[in-house]
Amino acid sequence: MRVRLLLIFLIASVVCPSMLMAQREYSPKFYLGGKGGATLSKMTFSPGVHQKMVQGVTFGLTARYTEEKIFGLLAEVNVTQRGWKEDFVRDKAPEYEYSRQLTYIQIPFMTHIYFGSDRFKGFINLGPEFGYMIGDNITSNFDYKNYKEIEGFPAGFRTNEQLAMDIQNKFDYGIAAGIGMELLIKQRHSIMLEGRYYYGLGNIFKATKRDFFGASRGMSIEITLGYMFRIR
């Protein structure tokens, strides 16, 4: 999946600018706005961790430049919550609870491809995303730093090193792809609904041959509602 997403991103990066240069007649438009919504996220760990998705929120500011036909550019500054929730039900120990929420400042730079009428449009967003972690919050109903001392704790058949491990890499980067729709409600006003998938390429823990985890990357699904105002 990682290779496939990278190929899609590279193709879009090459093809879309070529499409832009090929357009001789265009009416550029510039938009500013904001958005907010919910996230569902988990991590890609190696070795694997028994986990399930954790809920979070995302909100931020959006700037968009579009051409008359189908092509535009999109940049955002967002606060986004990601992380994971341990799946103790799978380990037949539902009395334990642990979730870790990682808060990022995320900056995506995306190709914006749109289609439809002047009133209603569908769109696809695709591009790289960079982030920096500003928050790390753990919620647990047991002493996760001393889980080995807890009688009956499921330690023999699951990975637990991540429970108390400090975040070692706060910088994050990855690829995001979204699909959505936009409704023009007045001449310069519009609302957007988007579903977006993020696949992280950066590890939150060190991943050398000496380290326990070979991979610790984030992934998330985001559903957002946004408002845009056309400046010109």
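Arg64 lies over the face of Tyr31, 4.2 Å from the ring centre, and Arg82 is placed over the face of Tyr198 at 3.8 Å. Here a charge sits over a ring if NZ of Lys or CZ of Arg is within 6 Å of the ring centre and within 35 degrees of the ring normal. The model is predicted, so local features need pLDDT of at least 70 and side-chain atom pairs count only at pLDDT 80 or more, while totals for chains, interfaces and linings use all residues. Residues are numbered from 1 along each chain as its sequence is written, and side-chain values use heavy atoms, without hydrogens and water.

Turning to the aromatic rings, the whole structure holds 16 aromatic pairs (ring centres of Phe, Tyr or the six-membered ring of Trp within 6.5 Å; planes under 30 degrees apart are stacked, over 60 edge-to-face, the rest tilted). Phe45 and Trp84 are edge-to-face, because their centres are 5.2 Å apart and their planes stand at 80°. Phe45 belongs to strand β1 (residues 29–46) and Trp84 to strand β4, so this pair ties together parts 39 residues apart in sequence; strands are DSSP runs of E, at least two residues long, numbered from the N terminus. Both Phe45 and Trp84 are buried (under 20% relative accessible area, with a 1.4 Å probe and protein chains only). Trp84 also forms a tilted pair with Tyr98, at 6.5 Å centre to centre and 40° between the planes. Tyr98 is buried too, with a relative accessible area of 1%. One aromatic cluster includes Phe45, Trp84 and Tyr98, with Phe88 and Tyr96 also among its members.

Methods. Helix = DSSP H or I, 4+ residues; strand = E, 2+ residues; numbered from the N terminus. Buried < 20%, exposed > 50% of the residue type's maximum accessible area, 1.4 Å probe, protein only.
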